[in-house]
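Please read it with the coordinates open.

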Amino acid sequence: MSTSTNTNKSFCIISADHTGITVSNLERSLTFWRDVLGFQFSHTAHQTGDLAKEITGVAGAEIKLAVLKAPGRHKIELLEYVAPPDRKQATLRPCDVGSIHVALLVDDLGAVLQKISASGWKAVGKPQTLTTGPNAGKRVVYVRDTDGTTIEFMQSPKKQLLADG
């Protein structure tokens, strides 16, 4: 991977605004992100016609969506495509090209895993402690829901949390 920078750049990325996740059931997913994880509800919208087609590149797209605010500035956008009728359920593994996940830093990984299990989300393995790199000492685990959405939960070492808090 190159670390060089373009000295002739004509634009600048200001920040990451949101992560969009396509879901099979907007209300179920909204309940999880809002009521289980505690994200703050922002708004809903309904996109159809040329607007939806031009944004997504999907002819006949009709989208119900909800936006939630994460702690900090990042948002999660949940999208349920009502149309077109030929939508597919993808079954991507984390190693499959096109798979994405969102990583959330939490204060108590055990408590999170216990709370989310009642909502249909399951850990794909056991939490592991990273031993090298910039995240060394953090405990991490991937969890998935029935749609195949993946979240990585990360917990900093307790001593680091006390120093940061």
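1. The largest nonpolar core of this predicted model has 25 residues, a nonpolar core being a set of buried Ala, Val, Leu, Ile, Met, Phe, Trp, Tyr and Cys residues joined through side-chain atoms within 4.5 Å. Buried here means under 20% relative accessible area, exposed over 50%, and partly exposed in between, with a 1.4 Å probe and protein chains only. Trp 33, Leu 78, Ile 116, Val 143, Ile 151 and Phe 153 are the residues with the most contacts inside this core. At least two of its residues come from each of H1, E3, E4, E5, H3, E8 and E9, and H1 gives the most, with five. Helices (H or I, at least four residues) and strands (E, at least two) are DSSP runs, numbered from the N terminus.

2. On conventions, residues are numbered from 1 along each chain as its sequence is written, and side-chain values use heavy atoms, with hydrogens and water left out. Because the model is predicted, local features need pLDDT of at least 70 and side-chain atom pairs count only at pLDDT 80 or more, whereas totals for chains, interfaces and linings use all residues.

3. Which residues does Trp 33 contact, leaving aside its neighbours within four places in sequence? They are Ile 21, Gly 38, Phe 39, Leu 68, Ile 76, Leu 78, Val 102, Leu 104, Trp 121 and Ile 151, where contact means heavy atoms within 4.5 Å.

4. The four strands of an open sheet follow the order E1-E4-E3-E2, with mixed pairing; two strands pair if DSSP finds at least two bridges between them. Strands E1 (18–22) and E2 (40–47) are the edges, each pairing on one side only. E1 pairs with E4 (residues 75–83) in the parallel sense over five bridges, and Gly 20 stands opposite Glu 77 in E4. On E1, Thr 19 and Ile 21 form the covered face, while His 18, Gly 20 and Thr 22 form the uncovered one.

5. In helix H3 (residues 109–117), the buried residues are Leu 109, Val 112, Leu 113 and Ile 116. Seen down the axis of H3, these fall within an arc of 95 degrees, so they line one face of the helix; the arc is that of the directions from the helix axis to the C-beta atoms. They pack against H1, E5 (102–106), E6 (122–123), E8 (139–144) and E9 (150–155).

6. Ala 61 sits in the loop between H2 and E3, and Ala 61 is buried, with a relative accessible area of 3%. Not counting residues up to four places away in sequence, Ala 61 touches Gln 47, Thr 48, Gly 49, Ala 52, Thr 56, Tyr 81, Ala 83 and Pro 84.

7. Please look also at the peptide bond between Ala 83 and Pro 84, which is cis, with omega about 15 degrees. Most peptide bonds are trans. Pro 84 belongs to the loop between E4 and E5.
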